[in-house]
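Open the model in your viewer and keep the selection tool ready. Each stop below says what to select and what is there.

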Amino acid sequence: MIAIEEGVPAPLGAHFDGRGVNFAVFSQNATAVELCLFDPNSRIERQKFLLPCRTDDIFHGYLHGLLPGQLYGYRVHGPWDPAAGHRFNPAKLVIDPYAREVRGRIRWHDSLYAHRRGGPREDQIDRRDSAPYMPRGVVTQPETADPTALPLNRPLGDTVIYEAHVKALTMTHPALSPAERGTYLGLAHPAIIEHLLKLGVTALELLPIQAFADDRFLVEKGLVNFWGYQPYNYFSPEPRYRGEGGMGSLRFAIRELAAAGIETIVDVVYNHTAEGDRTGPTLSFRGLDNASYYKLRPEDPRETLDCTGCGNTLDVSHPRVMQMVLDSLRHWVLRYGVAGFRFDLASSLGRAPHDFDPRAAFFQAVAQDPVLARVKLIAEPWDVGAGGYRLGGYPYGWSEWNDQFRDNLRAFWRGDAGALAKLTQGLSGSREIFAPSGRSPLASINYVASHDGFTLADVVSFEDKHNAANGEENRDGHNHNLTRNYGVEGPTDDAAILSVRARQKRNMLATVFLAQGVPMLLMGDERSRSQGGNNNAYCQDNAASWMDWETDPDPALAAFVSNLAALRRACPALRRRSFLVGAAVDGDGLKDVHWLSPDGTEMEGEAWGEGERRAFGMQMGNDAGSTERVLVLINAAEADCGFALAPVIAGPWRPVFDTTLPEGKVLPGHRDPFGAEAVVPMPGRSLLVLKSPARHQAVSPASADSFARA
């Protein structure tokens, strides 16, 4: 008979020391915690132990002779008092928040709820055992420091992000074996890595891979939570992607990507959990200490405070909850080699306790953390609570998804009136948004499409969302999409419409890569991936979401993206670390940026106010000591125009990139340079990039053809 010893309160979780396992779990309001041990495939525990010690609200105990691989969970005793926010129910097995591995899937059943479901009985305790329907935590091997697992730490200014889903990216690639498809190992396949490298990608941003649940209402419809934004454990990789590679496959994939020069960024969901509101299940945090882990309504603690639209909000202002978040983030960096994080609905993390504050304790803790302060931190800068939209409001060290850049880009290229001025703000790094916080253009993550919304191909093919497959009568998903179908809703064989759509895809991608900031590409946009007009495909684990590796309606587009990335690498002016402000850079009137009208004059106040203006030029230098200049000419109108080059911006100008070309790149010798006073023909809906050294410096073959060799 195994006897339980006192053990120690730190570290939290289950830790094997070579002789046995120490268990430690936090609960401020519990009265007792039972450790439950399970045999594989058993529905009920074979042994239970009352954790014998409580130190600073940490319940702990030590079992001598226990080995890694042991399955376990907790039953937590305490008051059943929903009116006070307490929902303890020892009939419910709960997962250790610090479990490094979980095994099994949630099997939906009414016994997973601590209360009696339905009608007036929702505050009545449910005494049925939930263990047969719950995953278990797994005791893992000791974690040792491994310097080879540390991330690459590539400069943010040199970063190109590719947002993807583990299964969607790998599910149909013909080079992958059936066992590799849809798994972490699939990410490490040479064919996947080669594709990313050809595109010029430097960072693979993965949709959530922390253990997550499939919502009950989706399962009952025959659907799943494909995107993964319903976490129930923050330390364990999602089991469904392990495949035959097991627990080590994710670590292997991240290392293989890093060896190829590609960092891994993980989308993390610390704003809410899969337990939902007070009517939701008890899986982990609610059963351990509902009043500590969640924000509750001050006037009615029976209810959770929902700033996320998902029923609950994790209370990161609580010291122990913040500790869990920070511990798990460090775990992903040190154990797996993750190079950064994209924080879903990040404004909830800065609510201290209820209103957003950029000086919130969480942001300060991350800033001084010796591990986390070195990784890439990207915020989705909003939640759905009061005052939750905080674009530009994050502290130093953070970048943010710039949805205003996305919306202004789409509006400009589809021809909306008054969109030009807003687009130029985005092209120059969104100084008005990010400079007040003391940050650089690198605070702006620029994109035209992300997982949440239309794909790029659908942006130019649909004017309305088509989400019927989600089972919500097309009510879900955004309605403000700023898209255009150019004559036909959805697929068409009309060559003229297809030509316009292809050109517009190239124009929008070019705008993303030429803007100051950090470009992000959605998985499959380089292959014109369509979701059939579904702008909320979160529950579609099928061909609507998977990358189609067999067919490609626009086979030149991937090369176009690759050439764009090469152009960006070759031009320091496109990767500035300081904002363009129109300041003089020499004594002859040359500025860091010139905004130009098609007649060759600089744009003044009246020009910016012309709501129907569709053409402009942007000539700029860099802040890295190079004398090379870049000129971007844009004509978003349907009609052609001539663009006069002004002597003040120097020259001659060599065309290097043109969105009228399927692959974009202007090959050396295919076009003559334009002189300082030439008129450049600009077809309708086109973008042209030209390069030149600064004034007084001769044009050498090396400088003129630098992009050609890039």
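Select asparagine 41. Its relative accessibility is 82%, so asparagine 41 counts as exposed (buried means under 20% relative accessible area, exposed over 50%, partly exposed in between, with a 1.4 Å probe and protein chains only). Asparagine 41 is not a glycine, yet its phi is positive, about 70°. It sits in the loop between β4 (32–38) and β5. Helices (H or I, at least four residues) and strands (E, at least two) are DSSP runs, numbered from the N terminus.

This is a predicted model: local features need pLDDT of at least 70, side-chain atom pairs count only at pLDDT 80 or more, and totals for chains, interfaces and linings use all residues. Residues are numbered from 1 along each chain as its sequence is written, and side-chain values use heavy atoms, with hydrogens and water left out.

Next, jump to serine 528. Is serine 528 buried or exposed? It is buried, at 9% relative accessible area. Its phi is also positive, near 55°, and serine 528 is not a glycine. Look for it in the loop between β22 (518–522) and α14 (557–570).

Now show the sheet. Five strands form an open sheet in the order β5-β4-β8-β12-β11, paired antiparallel. Two strands pair if DSSP finds at least two bridges between them. The edges are β5 (47–50) and β11 (102–103), each pairing on one side only. Zoom in on β8 (residues 71–77) and β12 (residues 136–138): 2 bridges join these antiparallel strands. Which residue of β12 is the bridge partner of leucine 71? It is valine 138.

Stay with arginine 136. Its charged end sits over the ring of phenylalanine 38, 4.0 Å from the ring centre. Then select arginine 43, whose charged end sits over the ring of tyrosine 133, 5.9 Å from its centre. The rule: NZ of Lys or CZ of Arg lies within 6 Å of the ring centre and within 35 degrees of the ring normal.

Turn to ring pairs. Rings of Phe, Tyr and Trp (its six-membered ring) pair if their centres lie within 6.5 Å; planes under 30 degrees apart count as stacked, over 60 as edge-to-face and the rest as tilted. The count is 31 aromatic pairs. Take tryptophan 401 and tyrosine 447: their ring centres are 5.1 Å apart and their planes at 50°, so the pair is tilted. Tryptophan 401 lies in β20 (residues 398–401) and tyrosine 447 in the loop between β21 (444–446) and α12 (456–459), so the pair ties together parts 46 residues apart in sequence. Both residues are buried.

Now the second largest pocket. Its space is about 540 Å³. Of its 22 lining residues, Leu156, Val375, Tyr396, Gly397 and Trp398 lie nearest the centre. The largest share, 4 residues, comes from α8. On a 1 Å grid over the protein atoms alone, a pocket is an open set of points with protein on both sides within 12 Å along at least five of seven lines, while a cavity is a set where a 1.4 Å probe fits but cannot get out; lining residues have an atom within 4 Å of a point. Points are joined across faces, edges and corners, and a volume is the space filled by probe spheres set on the points.

Last stop: the largest cavity, about 110 Å³ in volume. Select His165, Trp227, His451, Met523 and Arg529, which lie nearest its centre among 13 lining residues.
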